[in-house]
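Trainee: Could you walk me through reading a few features of a model? I would like the general idea, then the case at hand.

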Amino acid sequence: MDRGTKRARYSPENEKSSSVSENPKKDDSSKNPDKFANIFGKTGGAYIPPGRLRQMQAQITDKSSEAYQRIAWEALKKSIHGFINKVNVSNLSEVVKQLLTENIVRGRGLFVRSLLTAQSASPTFTHVFSALVAVVNSKFPKVGELVLKRLINEFRKAFRRNQKDRCLSTARFLAHLVNQKVVHELIILELLTLLLEQTTDDSVEVAVSVLKECGAMLSRLVPKGVHGIFEHLRRILNEGQCDKRISYMLEVMFQ
């Protein structure tokens, strides 16, 4: 060993400082709520189990912090999405009771988005979703109004883009909401008039689907308007302006 080099002198303070640097003290999550801020991105971030989400929420003492509000929002979204996914004819009343315990006014946008997504994926449950909207609308009319606005916007987009499947699902939803007396009947009459302005096979098919769902209700509420729609469809059938499949649908409807 070179005599010019000096050995470090031992001291208790040096040992204490090295041990502290090797074993840093863990931060308390309750004192640093911002550590949860980056967990959720714009699309929700990584999946977090509900139990873990409640634990994270309980660790934050400042309820006005951004991290707490993000966790509360994520929990509300998961809860509303779960209720809509499990609703059916047999458990509708129970799901409504559980749904109304949530902050549905704050999460009305989440409710409407999840509802439209579920209805588009499962059109056969449209009558169940419309009944759910009717109950929520009786308590919170703003939620029903938002559902109507979103449905009309979706129908306009699909109509401009010639997306028949999307037009069918949104039009059926509006028709069921007419049966539930959530949507005014004149909106459906305007929709039918728009579909039959420029007759195509797809537009006639959507119109027939709407009339199958809410034709009886429209006949009681606006008989003259429905009579005009039926006469227009009968003229299309007699003149042979549509495909054989659509003609058969019209013949079955007029029987």
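Trainee: Over the ring of which residue does the charged end of Arg234 sit?

Mentor: A charge sits over a ring if NZ of Lys or CZ of Arg is within 6 Å of the ring centre and within 35 degrees of the ring normal. Here the ring belongs to Phe254, with the charged end of Arg234 4.4 Å from its centre. A word on ground rules: this is a predicted model, where local features need pLDDT of at least 70 and side-chain atom pairs count only at pLDDT 80 or more, while totals for chains, interfaces and linings use all residues. Residues are numbered from 1 along each chain as its sequence is written, and side-chain values use heavy atoms, leaving out hydrogens and water.

Trainee: How many residues does the largest nonpolar core have?

Mentor: Such a core is a set of buried Ala, Val, Leu, Ile, Met, Phe, Trp, Tyr and Cys residues joined through side-chain atoms within 4.5 Å. Buried means under 20% relative accessible area, exposed over 50%, and partly exposed in between (1.4 Å probe, protein chains only). The largest core here has 64 residues, and Leu233 is among those with the most contacts inside it. Helix α10 (residues 201–221) gives the largest share, nine residues; helices are DSSP runs of H or I, at least four residues, numbered from the N terminus.

Trainee: Which residues does Leu233 touch?

Mentor: Contact means heavy atoms within 4.5 Å. Leaving aside residues up to four places away in sequence, Leu233 touches Leu196, Val204, Leu211, Leu250, Met253 and Phe254.

Trainee: Why is the pair of Phe155 and Phe159 stacked?

Mentor: Rings of Phe, Tyr and Trp (its six-membered ring) pair if their centres lie within 6.5 Å; planes under 30 degrees apart count as stacked, over 60 as edge-to-face and the rest as tilted. The structure holds two aromatic pairs. In this one the centres are 6.0 Å apart and the planes of Phe155 and Phe159 meet at 20°, so the pair is stacked. An α-helix has 3.6 residues a turn, so residues three or four places apart point the same way. Phe155 and Phe159 are four residues apart in helix α7 (residues 141–160), about one helical turn. Phe155 is buried at 5% relative accessible area, whereas Phe159, at 31%, is partly exposed.

Trainee: Which helices do the buried residues of α7 pack against?

Mentor: They pack against α5 (108–121), α6 (126–139), α8 (164–179) and α9 (185–197). Just after α7, Asn162 takes a positive phi of about 60°.

How values were computed
Helices (H or I, at least four residues) and strands (E, at least two) are DSSP runs, numbered from the N terminus.
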